Amino acid sequence: MNHASFPHFTGVVDWRHRRAGAAHSLVRAVHDPAARQTVVVVSELASNPADRGITDDFGSVADAVVPVLRGELAQDLGTVVWIAHFGEFSYDDPTGPETFHRIEVTGDAGSGHQDDLRGDRALSAQEVEALLKGRRLDPVPQVLTALGRQG
């Protein structure tokens, strides 16, 4: 199946950091109904305050993103694969290359999601593209411009 035929979502999602308040992230997701799997890439943006990073409260990110995806992709997201994405677009002082980390998230929208960073693992860009059914991730600045947002 061509990657374009899978339901997908791209947008900036606002969420509330459990300690520091209002936050936002770029979210890109692909849903495979046959496999009952949704892959979600959450990109950290430099425009998000430094004390509201995604890996510091990924459970709250998931709590905000799941209802959006249920409205945009499918009520039944199936298994959700969460990927945190970082790069030069993430920080005012970039420190290294673009990176991806699979985040282990437990719980659900009813009880709230929790993350356990001990289960996280690094992924290559090729592994992420394979999980996204061959859909390439456009550069974050380009996506934000297309959405009319700043990073």
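Let me begin with F86, which is buried, with a relative accessible area of 9%. The structure before you is a predicted model, and F86 belongs to one of its aromatic pairs. Its partner is Y91, and the two rings are stacked, with 6.4 Å from centre to centre and 5 degrees between the planes. Y91, for its part, is partly exposed, at a relative accessible area of 37%.

How many aromatic pairs does the count come to? The count comes to two. In the pair of F58 and W82, the ring centres are 5.8 Å apart and the planes stand at 80 degrees, so this pair is edge-to-face. F58 sits in helix α1, residues 58–72, while W82 sits in strand β4, residues 79–86; the pair therefore ties together parts that are 24 residues apart in sequence. Both F58 and W82 are buried. For those new to the subject, a pair of aromatic rings is described by the distance of the centres and the angle of the planes.

I turn next to helix α1 itself. This helix has 15 residues and spans 21 Å from its first C-alpha to its last, close to the expected 21 Å. Where does α1 bend? The bend, of about 25 degrees, is at V65, and a proline, P67, follows within four residues. The buried residues of α1 include F58, A62, V65 and L69. As a general point, an α-helix has 3.6 residues a turn, so residues three or four places apart point the same way.

My next residue is H31, in strand β2, residues 21–32. Is H31 buried or exposed? With a relative accessibility of 4%, H31 counts as buried, because the cut-off for that word is under 20%. Setting aside residues up to four places away in sequence, H31 touches F6, P7, Q37, T38, L73, A74, D76 and L77. With one of these, T38, there is a polar contact between the two side chains, at 2.7 Å. R149, by contrast, lies 118 residues from H31 in sequence and 24 Å from it in space, C-alpha to C-alpha.

Finally, a word on confidence. The chain has a mean pLDDT of 89, and 94% of its residues reach 70 or more. Confidence is highest in strand β3, residues 37–43, at 97, and lowest in strand β7, residues 112–115, at a mean of 80. Where pLDDT is low, the predicted coordinates should not be read in detail.

Conventions. Residues are numbered from 1 along each chain as its sequence is written. Side-chain values use heavy atoms; hydrogens and water are left out. Rings of Phe, Tyr and Trp (its six-membered ring) pair if their centres lie within 6.5 Å; planes under 30 degrees apart count as stacked, over 60 as edge-to-face and the rest as tilted. Helices (H or I, at least four residues) and strands (E, at least two) are DSSP runs, numbered from the N terminus. Buried means under 20% relative accessible area, exposed over 50%, partly exposed in between (1.4 Å probe, protein chains only). Contact means heavy atoms within 4.5 Å. A polar contact is a pair of N or O atoms within 3.5 Å; within protein, one must be able to donate a hydrogen and the other to accept it, and residues adjacent in sequence count only if both atoms are side-chain atoms. The expected span of a helix is 1.5 Å times one less than its number of residues. The bend at a residue is the angle between axes fitted to the seven residues ending there and the seven starting there. pLDDT is the predictor's confidence in each residue, from 0 to 100.
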